[in-house]
Amino acid sequence: MSDIKAYTNKKGEKLYKFRIYVGFVNGKSKYVNRAGFKTKTEAKKAYQEVKFAAYQGEYRQESNLDISLRTFGDLYDFWFEQYKNTVRGSSYYVIKKGLDKNVYPYLKNKQLKNITLVDCQNLVNRLLKTNPGNYVILSVYMKKILQYAVTLKLIPENPMNNVIKPREKKTYGSNNYYSKEELKTFLAYSKKEKFHVYVLFRLLAYSGMRIGELLALKVADIDFNTSQISITKTISSDADSRFELHKPKTTTGNRIISVDPDTINLVSTLIKDKKKDDFIF
């Protein structure tokens, strides 16, 4: 648990402490701090007890919570404040951007207690028409947010529970890729631009890497003798447009790929003045 920290007291003893968010009280976020645990196991036990007590409402005043979280918009902001601490910044940004555009405007001023199954069904049907590629994930997160209202005892049940999932209309024949000739044309055009732009797009096209993996590459990741590239990290931006470097989401994301010698030679030319720990792009 990242909330549990080790520290040393004035006597030089190693002890454990934690800080945990327990809810809204008098319009402000409330935290509980505990310290002085001799073992991490003791700290974990106390941490779980505080967490359970928070879910039972021991640390919040019902009237104040009800005042602070009356509308869907209130709940939405409060839920995202907690969600932000559980996922990567890039995941938070993508989900919030989609909900900000497609869900929030239609429910933000609605009183939580007045949101009905019909409201939710109409919105899900609308999402299928306006955003067919993402309506399922948007519906899932809409349900999660409202379920949080149930957990907080703001509403007795989740109106999303009985929504009938519309049948998704499949589309065929979308050309969201380049043909071989189109790729050649594009690369030829990029070659007329800056050299590093051409190398970037050629490596992306010839390696099959994701853009985040390519931008995270360092000189040391490439074996120029075998024309192989080690993929061990990826880069993404969070909600504040700050870049984050982290490991791939899955174990299979860590891999070694082979690239043709001509492309590797272009990369070699690009990085001739760079050190091993420098980013390539």
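1. The model is a predicted one, so read every value here as computed from predicted coordinates.

2. Is Ser227 buried or exposed? Its relative accessibility is 11%. The cut-off for buried is under 20%. Ser227 therefore counts as buried.

3. Now look at the surroundings of Ser227. Setting aside neighbours within four places in sequence, Ser227 is in contact with Ile257, Ser258, Val259, Pro261 and Ile264. Take Ser258 from that list. Ser227 and Ser258 are 31 residues apart in sequence. In space, their C-alpha atoms are 5.9 Å apart.

4. The chain as a whole comes next. The protein chain has 11 helices and eight strands. It holds 281 residues, and 39% of them count as buried. Consider contacts between residues at least 6 apart in sequence. Of these, 57% join residues at least 24 apart.

5. Helix α6 covers residues 117-130, and helix α7 covers residues 135-151. Their axes lie 9 Å apart, at an angle of about 155°. An angle over 145 degrees counts as roughly antiparallel, so that label applies to α6 and α7. The crossing of α6 and α7 is right-handed.

6. Which residues make the contact of α6 with α7? From α6 come Cys120, Leu123, Val124, Leu127 and Leu128. From α7 come Tyr135, Leu138, Ser139, Met142 and Leu146. By class, nine of these contact residues are nonpolar, one is polar and none is charged.

7. Gln121 also belongs to helix α6. Its relative accessible area is 17%, so Gln121 is buried. Beyond residues up to four places away in sequence, Gln121 touches Val163 and Ile164.

8. Helix α7 also packs against α4. The axes of α4 and α7 are 10 Å apart, and the angle is about 90°. Angles of 65 to 115 degrees count as roughly perpendicular, which is therefore the description for α4 and α7.

9. What meets what between α4 and α7? Ile95, Gly98, Leu99 and Asn102 are the α4 residues. Ile137, Leu138, Tyr141 and Ile145 are the α7 residues. This contact has six nonpolar residues, two polar ones and no charged ones.

10. The largest nonpolar core has 35 residues. Phe72, Phe80, Leu99, Val103, Leu112 and Ile145 touch the most other members. Elements that give two or more residues to this core are α3 (72-83), α4 (89-102), α6 and α7. Helix α7 gives the largest share, nine residues.

11. Leaving out residues up to four places away in sequence, Leu99 touches Tyr76, Phe80, Tyr104, Pro105, Leu138, Tyr141 and Ile145.

12. Another core lies apart from the largest one. It has 20 residues, including Val199, Leu214, Ile229 and Leu266.

Note on methods: Residues numbered from 1 in each chain as written. Predicted model: local features only at pLDDT ≥ 70, side-chain atom pairs only at ≥ 80, totals over all residues. Heavy atoms only, no water. Axes fitted to C-alpha atoms, helices over the stretch in contact; angles between N-to-C directions. Helix = DSSP H or I, 4+ residues; strand = E, 2+ residues; numbered from the N terminus. Parallel < 35°, antiparallel > 145°, perpendicular 65-115°, else oblique. Left-handed = near helix turned anticlockwise from the far one by under 90°. Contact = heavy atoms within 4.5 Å. Nonpolar A, V, L, I, M, F, W, Y, C, P; charged D, E, K, R; others polar. Core = buried A, V, L, I, M, F, W, Y, C linked by side-chain atoms within 4.5 Å. Buried < 20%, exposed > 50% of the residue type's maximum accessible area, 1.4 Å probe, protein only.
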